[in-house]
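Hi,

Here is the structure I promised to pass on to you.

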Amino acid sequence: MTIAIIGGGPAAGTLATLLARKGHKVGIFRTPQRPALIVGESLLPAIIPILRELGIEKKVSEFSVFKPGATICLDPGEVLSFGFDLARTRLVYAYNVPRDKFDEAILEAAQEAGARVFTQRAEVELNAQGKPVLSAETLAAAEGFFDGGVDLLVDAGGRTRLLPNLLNLPSEEGGRKDLALFSHQEDVAMTDPGNIHVDRYSKGWGWRIPLPGRVSVGIVVSPKHLKGLGDSKEEQYDNFLRQEPKLRDYLKDARRTTTVMTYTNYQWKSKKLYGNGWALVGDSAGFIDPIFSTGLYLAMSSAVQLAKAINKGTPAAFEAYQRRHREELAGWQAIINMWYEGTLFTLYRVGQNYQQSLLARFLNPFITRHVTRIFTGEIRSGSFSHKLLKFMTTYGIYKQDTRPLVIN
């Protein structure tokens, strides 16, 4: 089968590698200029088996920061740190990655597997039958590689949503319309070396991700909270950090060393992931939120699942891919809603209040193990672990006031 993939990110590279190894003819169209910084620098442990399958974990480890767990800062005096080893599974670590090197490592694996990479922005159009095809100019840039025709066109181009927009595909959006602004800084204080740090702010929330020689500092807020903080994204970002009391100690010696990047289009999912001669993968299929580091995992996991469907080549296989990935997106969306609604860490506070009781001492290790397995990404949506968390956030906090932990 001849397959054209639009996009040069992790989903595109993962898919291309797996398909080329199976003998498919694969070409990737990669945008010539990529952003200086890209959101999604912290991996979940569930990505490690994918990196091993691609044969690049050692390479990734050499330019990344080892990530043993996560640190949640609800308030300056209330910091929750946990290691992935609490899940008691084989997935006990991950990495925080410089995205330029990480993306290149995956793309190199694709090329080594036999995929061709074209540094050309792909343009698509509808043919007389209403099927999406590459434009004549795009095909010409491939220098005859696709002269025999393209059997499958895959949109892995991220949140530009090339095919969803062209085909006017039905979609659904989440309730949040936040903006993410982030940069790299030096001399940022960290509580736990290696951990991703998630900070709850007076307005919105943010991250601190340790990278080699620097820290990625991001904020996720409603646009209304940025009004009056400046006309440029740099002014808004710098002034927000300067005025946020919960960041004062962490950033007192920090220096911003890069431009500020802005990302929008959060919490969006396509309802249809494949059709006649086309498929969606990665963020083009759906992106739900940067909280809990789900982005890269969902992108690369969807690529693994789509590769299996393509290799089987049956309508049932593509339908299974669509169903499984949409279930995965929905499952993570439910957990993300628990964060924004305040229920997730209200449950944590309730557990702290009763941790000395006999029942809590019996249940807490059991609950901790299953909840940690969710946040490593190892446990699929619909599992017992997910059902347990849903039960606990429904009945374990009965009559508790969740408003103090709502993310505004």
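First, the ground rules. This is a predicted model, in which local features need pLDDT of at least 70 and side-chain atom pairs count only at pLDDT 80 or more, while totals for chains, interfaces and linings use all residues. Residues are numbered from 1 along each chain as its sequence is written, and side-chain values use heavy atoms, with hydrogens and water left out.

Cavities

Searching the whole structure gives three cavities of 30 Å³ or more. On a 1 Å grid over the protein atoms alone, a cavity is a set of points where a 1.4 Å probe fits but cannot get out, a pocket is an open set with protein on both sides within 12 Å along at least five of seven lines, and lining residues have an atom within 4 Å of a point. Grid points are joined across faces, edges and corners, and a volume is the space filled by probe spheres set on the points.

The largest cavity has a volume of about 50 Å³. Its lining consists of Tyr297, Ser301, Ser302, Gln305, Arg324, His325, Glu328 and Arg380. Two or more of these residues come from each of helix 9 (294-312) and helix 10 (315-341), and helix 9 gives the most, with four. (Helices, H or I with at least four residues, and strands, E with at least two, are DSSP runs numbered from the N terminus.) By class, the lining has one nonpolar, four polar and three charged residues; here Ala, Val, Leu, Ile, Met, Phe, Trp, Tyr, Cys and Pro count as nonpolar, Asp, Glu, Lys and Arg as charged, and the others, Gly among them, as polar.

The second largest cavity has a volume of about 40 Å³. Residues lining the second largest cavity include Gly282, Asp283, Phe287, Leu298 and His325. Strand 21 (286-287) and helix 9 each give two or more residues to this lining, with the largest share, four residues, from helix 9.

The second largest pocket

About 250 Å³ of space lies in this pocket. Of its 14 lining residues, Ala46, Pro49, Ile50, Tyr297 and Ser301 lie nearest the centre. Helix 9 again provides the largest share of the lining, four residues. The lining divides into six nonpolar, three polar and five charged residues.

Helix 1 and its contacts

The axes of helix 1 (residues 10-21) and helix 4 (residues 99-113) come within 8 Å and cross at roughly 20°. Axes are lines fitted to C-alpha atoms, for helices over the stretch in contact, and angles run from 0 to 180 degrees between N-to-C directions. Helix 1 is therefore roughly parallel to helix 4 (angles under 35 degrees count as such). In this contact (heavy atoms within 4.5 Å), the residues divide into eight nonpolar, three polar and three charged.

What is the angle between helix 1 and helix 9? Their axes cross at roughly 30° and come within 8 Å, so these two helices are also roughly parallel to each other. Among the contact residues are Leu15, Leu18 and Leu19 of helix 1 and Met300, Val304 and Ile310 of helix 9. This contact has 13 nonpolar residues, two polar and no charged.

Best wishes

How values were computed. Parallel < 35°, antiparallel > 145°, perpendicular 65-115°, else oblique.
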